[in-house]
Amino acid sequence: MQRRIFEEHQGIEERTQYEGVGEGGDHTLVIDRLCEDAIFDELERVHAAGHEFTAVSEERGTVDFGSGESSLRVVIDPIDGSLNARRTIPLHSVSIAIAEGDSMDDVTLGYVYEFGAGEEFIATLEGDALLDGRPLQVPDGDGLEVIALEATKPERVLKAAEKLQGRAYRIRVPGSIAVALCYVAAGRFDGMITTRNCRSVDAAAGQLVARRAGASLEFAGGGLDDAPLDLSARYDVAAARTPSDLAVLREAQDAIHA
């Protein structure tokens with residue numbers, strides 16, 4: 001369904017149509033709303049089949065499907081990388097996580113579909129991280145040859161880059177936190193950091209994919225149980241193949257806010 005939405009809104013001008021501000025605080029594109037509507041249509045069908053849960057979504061916010069007493073959460077970013085999608089850059093994703101509680105530590109399933117390459121990343125808490133059905137495992141060994149920065153205003157990039165001089169070889173800027181986390185899982189990036197704090201909908205699915213592939217993660221310098229899934233929460237995210245590389249990236253992340 002979302003592919004059809006992108007096909008029906010192909011040019012930059014056509015995709016640069018706004019309609020208000022979403023519950024996540026960003027201006028809502030028409031394509032954001034259409035993609036979210038398509039997902040909520042599916043959630044309505046799941047609820048009609050007898051399931052109760054609470055959806056946490058970038059545009060609509062928190063929506064109860066049922067009494068609101070269920071601990072089950074569905075955390076949704078209909079387009080992670082909206083600026084890429086608006087500018088027709090073919091790297092953006094849909095991110096959906098299922099959690100049995102209120103924190104990142106409670107996420108039991110993560111799903112990220114990257115529309116540019118047409119790749120599907122899936123992870124479950126008790127299973128492998130998968131790329132198009134193939135298991136993922138981060139490579140062994142330290143070393144930051146290629147890293148990703150996200151939410152990259154120039155002044156933040158400069159601060160991070162100064163701290164990373166001589167410690168990382170190349171920087172990439174994908175434009176989707178969910179995809180960057182999945183690329184760490186796939187060994188394409190040795191690590192990633194956000195240069196400003198992000199929301200649960202950006203990272204909930206991708207962080208599980210990275211974790212199940214063996215990556216090390218931190219949220220705002222803390223653990224997964226310190227990162228709530230509600231839409232009002234904000235935190236920095238860092239991921240790397242190894243704990244020592246993660247420490248290097250966290251230094252760069254801290255330098256941005258110094």
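**View 1. Phe6, Tyr113 and Phe115 make up one aromatic cluster.** The model shown is predicted: local features need pLDDT of at least 70, side-chain atom pairs count only at pLDDT 80 or more, and totals for chains, interfaces and linings use all residues. Residues are numbered from 1 along each chain as its sequence is written, and side-chain values use heavy atoms, with hydrogens and water left out. Rings of Phe, Tyr and Trp (its six-membered ring) pair if their centres lie within 6.5 Å; planes under 30 degrees apart count as stacked, over 60 as edge-to-face and the rest as tilted. By this rule the count is seven aromatic pairs.

**View 2. The rings of Phe40 and Phe65 form a tilted pair.** Their centres are 5.9 Å apart and their planes stand at 35 degrees, so the pair is classed as tilted. The pair links distant parts of the chain, 25 residues apart: Phe40 belongs to helix α3 (residues 30–48) and Phe65 to strand β4 (residues 61–65). Helices (H or I, at least four residues) and strands (E, at least two) are DSSP runs, numbered from the N terminus. Phe40 is buried, with a relative accessible area of 2%, and Phe65 is buried at 4%. Here buried means under 20% relative accessible area, exposed over 50%, and partly exposed in between (1.4 Å probe, protein chains only).

**View 3. Phe219 and Tyr235 form an edge-to-face pair.** The distance is 5.4 Å centre to centre, with 90 degrees between the planes. Phe219 counts as buried at 2% relative accessibility. Tyr235 is buried too, with a relative accessible area of 3%.

**View 4. Arg60 lies over the face of Phe40.** Arg60 is 4.1 Å from the ring centre of Phe40. A charge sits over a ring if NZ of Lys or CZ of Arg is within 6 Å of the ring centre and within 35 degrees of the ring normal. Arg170 lies over the face of Tyr169, at 4.2 Å from the ring centre.

View 5. A disulfide is a pair of cysteine sulfur atoms within 2.5 Å. The closest cysteine sulfur to that of Cys35 is in Cys182, 18 Å away, which is too far for a bond. For the sulfur of Cys182, the closest cysteine sulfur is in Cys198, at 13 Å, also too far for a bond. Cys35 is buried, with a relative accessible area of 0%, and Cys182 is buried, likewise at 0%.
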